[in-house]
Amino acid sequence: MAQNRNKPIKLPEGGQRPDQWGPWAMLAGAVLTTVGFLMAFLFVGPVNGAAVSGVEMIGGSMVSSKLLLSQKIFFFHMPAAMISFGALAFGCYYCVRFLMTKNQRFDTCASVCMEVALLFIVCTMITGDLWTRFEWGVWWTWDPRLTTYLILMLIIIAYFVLRSALDEPERRAVYSAVIGIIAFVDVPICYMVTRLIPSSLHPVVLREGGMTGEMGATVAVIMIGMVCVGFGLYRMRFRQVRLAQRVEAVKEALDD
Amino acid sequence: MNPVLVEIYSTILPSAPFLIGAYALMWCAVLVYVFIIMRGQKKAEAHMAVLEEELEELRKKGVVGE
Amino acid sequence: MPVSLRKPSTFQQYKTLLRKDLEQEFRTKEMLTSMGIYALLVLIVFGAALGQTTDGFNLLQAAGGLLWTLLVFTSLLGLNRSFSHEKEQGCLEGVLLVPLDRSVVFLAKATSNVLFLLVVEVIALPLFYFFFLTGQPLGSGWPLLFVPLLLGTVGMAGIGTLLSTITVNTRGKDVMLAVLFVPLTFPLLYACASATTAVIVGADGFMDVFFLSSVLAGGYDVIMVLLSWVLYDFVITA
């Protein structure tokens, strides 16, 4: 490295131990989600919908109701939703740490967390919306959960718009940390408000059924797999951003 | 086909495109993100290589000591 | 002769800062004029938008939402202005040189924003009634309207003060404020629009909805104003 003998330049550190786990976590996540995907279709029995007039023997069991294939979306939808919120929580934690320490490293952590959260929110929105389109027959309805996720997505997009509109790194870090914390507090309130206040236009459709043991096991496998994917993506992205920052720092040091 | 079976399957087949679409789009979203990471990584590494070359030249000229 | 210097109390600092904002406004009347005219223009746009509705359209049910649309856009304009002239004339730097608690700056600024918004509401509400609601049977509890109005104003001014302090330093600050402000105040808007609609329509059992919505809006206000207050220190010193 270009070391000026008198004063060593401070480089953003990177390449710590967890970075080596990143690709492995990705691999484990890929395997687990694939297993979960196969389990969702092959292991878990189809969920029954409305009853039909008559009984049929399908696959060794008596079936007397319509089978809901669209329900299979749920197996990836729910873990993605939970992980997106988890990533947001981690992002908020790093925002708080940044405001406490003013260490740029935490700012990078927070922004990468927000990116991962945005990715999983997009996944949640895609799966949820296609399910809504089939089950309720509309592309969009102001259902509490849909509304909350739309608002959450908009806030995180606003977070990145704000970041891109600021040039000084210190100021950008402080402002985006503040927005990150507010976003994390705002989302549960949004969910509460949209859920508790009855909307006059659209009835609130809440279908909460219990999960069978098979479904629970499948969701658990996919959940663990998705946590691995999320962690792997986070670490890989973090390493990459850190490397880019190091390059910038070295460049500046060379220019001097 | 048996009319009861037709009725039982009636909810399955129309939902298939939505199901496939949901999984495919989710997969695409993750792939796009991985692609962005990869591209960033490549770019940063290329920058690093250029910087190292530059450093080597400077060292040859004797501007930067070892 | 001994010179006695007394450190002004926090409340005095607050009063001074607030008076500074109000005096500046009453001298130029820049913000109130622009907000008032903007509110009138939004009302005219509503007129065009609702021009094609038939008699069967129940305007009363949409009125609460329309009113909040008007208030959100007007307050966005006001919040944008409230910090940009501080910035232009280097006033903020001067205030920050004084050894005072930063949260006092927040409170004074938020109070002045609340006051400006209330003044605009006092102008806009009768106009709204005049243009759209004169022929409509208002619910009997309509005076309760001021509860969601007050709650919404306080919440919007509270979080809006923080956000406008942030966005005044960004590129494209006008758009930036809207991008941050609208999603973050969404729960408040939802609750306030619900409470307002409940009292305007005055259907059976409207008090339940009104009460619930007001409590939720109040909860949002408390949480968000406190949070903004705590975080303001970081924002203003950055």
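Let's start with how α3(A) and α2(B) pack: their axes are 9 Å apart and the angle is about 170 degrees. Axes here are lines fitted to C-alpha atoms, for helices over the stretch in contact, and angles run from 0 to 180 degrees between N-to-C directions. The two helices, α3(A) and α2(B), are therefore roughly antiparallel to each other. On that scale, under 35 degrees counts as roughly parallel, over 145 as roughly antiparallel, 65 to 115 as roughly perpendicular, and the rest as oblique. When I say helix or strand, I mean a DSSP run, H or I of at least four residues for helices and E of at least two for strands, numbered from the N terminus.

A word on what you're looking at: this is a predicted model, where local features need pLDDT of at least 70 and side-chain atom pairs count only at pLDDT 80 or more, while totals for chains, interfaces and linings use all residues. Residues are numbered from 1 along each chain as its sequence is written, and chains are lettered from A and ligands numbered from 1 in the order in which they are written.

On the α3(A) side, the contact includes L119(A), V122(A), I126(A), W131(A) and F134(A), and on the α2(B) side it includes F18(B), L25(B), M26(B) and Y33(B). By contact I mean C-beta atoms, placed from the backbone, within 7 Å. Sorted by class, this helix contact has 14 nonpolar, 3 polar and 1 charged residues. For those classes, Ala, Val, Leu, Ile, Met, Phe, Trp, Tyr, Cys and Pro are nonpolar, Asp, Glu, Lys and Arg are charged, and the others, Gly among them, are polar.

Now let's zoom out to the chains.

Chain A itself has 6 helices and 2 strands, in the order α-β-β-α-α-α-α-α along the sequence. Of its 256 residues, 46% are buried. Buried means 20 or more other C-beta atoms within 10 Å of a residue's own, exposed means 12 or fewer, and partly exposed is in between, with C-beta atoms placed from the backbone. Among contacts in chain A between residues at least 6 apart in sequence, 78% join residues at least 24 apart.

Next, the largest nonpolar core. A nonpolar core is a set of buried Ala, Val, Leu, Ile, Met, Phe, Trp, Tyr and Cys residues joined through C-beta atoms within 7 Å. This one has 154 residues, and those touching the most other members are C113(A), A117(A), V178(A), L180(C) and A191(C). Helix α3 (residues 104-135) of chain A gives the most to this core, 19 residues. Leaving aside neighbours within four places in sequence, L180(C) is in contact with A158(A), L162(A) and I179(A), as well as L163(C) and T167(C).

Is R235(A) buried or exposed? It counts as buried, with 21 C-beta neighbours inside 10 Å. Its contacts beyond four places in sequence are P18(A), D19(A), W21(A), G22(A) and A25(A). The C-alpha atoms of R235(A) and C109(A) are 9.3 Å apart, although 126 residues separate them along the chain.

Finally, two lysines. Most residues other than glycine have a negative phi. K102(A), in the loop between α2 and α3 of chain A, has a positive phi of about 60 degrees, and K102(A) is partly exposed, with 15 other C-beta atoms within 10 Å. K29(C), in the loop between α1 (10-28) and α2 (30-50) of chain C, has a positive phi of about 55 degrees. K29(C) is exposed, with 10 other C-beta atoms within 10 Å.

Methods. Contact = placed C-beta atoms within 7 Å.
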